[in-house]
Amino acid sequence: LIFPMLTKRISKAGAKKTRVSETNASDEKVNLIARLPLFQNTSRDAIKFLLAQSQTRTYRDGAAIVVQGTESLDLFALVSGEAKVKKRHPSGGESLVATLRAPVLFGENTLLSSAPRSADVVASGECEAIAIPNTALKQLESRGDLAADYASIVDRLKAGQAISMSDLFRGAPSEAVSLFLD
């Protein structure tokens, strides 16, 4: 690691413990983020800017990463492990929507809308995720040297949403859909 990481524990009554660390912009993390479809056309400087404002969180098995119905403040990059996406229903039941395997992004729809989270995302075994604040992404727009990166990210988000909402791609694996974003 280039910089020492600040670690603190966060605990809530009845919640699984989560370890939170500042995220450094190591080449390994920059390269990992750069390979994700949303950031493939993003400059290394913009990715480093985002990582400098992000937190790396380690979740234990069963810990909630995202809670359905809560405010959407972060985009997440799952960098190790797996997580389950579960939708809770008013009837009290729940359904498994997807299993996420690192490396993958989730929560990106919140960047275009301030709607509450549409599902729970729960750690399946220990996993690590980088929480990128929505505010950090929006700050790219006001930085002259990084504004083009912001525009590219928003364009890819809009294209991804349009593709994922199309009947043609409904139910298609995200890997297949991402091929159309290149």
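**Entry 1: Asp-149**

I started with Asp-149, which sits in helix α4, the stretch covering residues 147–165. The model is a predicted one, so I keep that in mind for everything below.

Is Asp-149 buried or exposed? I looked up its relative accessible area and got 8%. The cut-off for buried is under 20%, so Asp-149 counts as buried with its 8%.

Next I asked which residues Asp-149 touches, leaving out those up to four places away in sequence. The list reads Asn-41, Thr-42, Ser-43 and Ala-46. I then picked Thr-42 from that list and checked the spacing. Thr-42 and Asp-149 are 107 residues apart in sequence, yet their C-alpha atoms are 5.3 Å apart in space.

**Entry 2: strand β8**

Then I moved on to β8, residues 120–133. How many of its 14 residues are buried? I get 10, so I'm noting the strand down as mostly covered.

I went through its pairings one by one:

- With β5 (residues 74–88), β8 runs antiparallel, and 11 bridges join the two. Glu-82 has Ser-124 of β8 as its bridge partner.
- With β3 (residues 55–59), I find five bridges, again in the antiparallel sense.
- Ala-64 is bridged to Val-122 of β8.

**Entry 3: the whole protein**

Stepping back, I checked which elements the protein has: five helices and eight strands. In sequence order I wrote the pattern down as β-β-α-α-β-β-β-β-β-β-α-α-α.

What share of the 182 residues counts as buried? The figure is 41%. For the surface, I have an accessible area of about 10100 Å², with 53% of it belonging to carbon and sulfur atoms.

Last, I looked at how far contacts reach along the chain. Taking contacts between residues at least 6 apart in sequence, 68% join residues at least 24 apart.

**Entry 4: recap**

Key. Residues numbered from 1 in each chain as written. Predicted model: local features only at pLDDT ≥ 70, side-chain atom pairs only at ≥ 80, totals over all residues. Heavy atoms only, no water. Buried < 20%, exposed > 50% of the residue type's maximum accessible area, 1.4 Å probe, protein only. Helix = DSSP H or I, 4+ residues; strand = E, 2+ residues; numbered from the N terminus. Pairing = 2+ DSSP bridges. Contact = heavy atoms within 4.5 Å. Areas by Shrake-Rupley, 256 points an atom, 1.4 Å probe, with all protein chains shown as cover.
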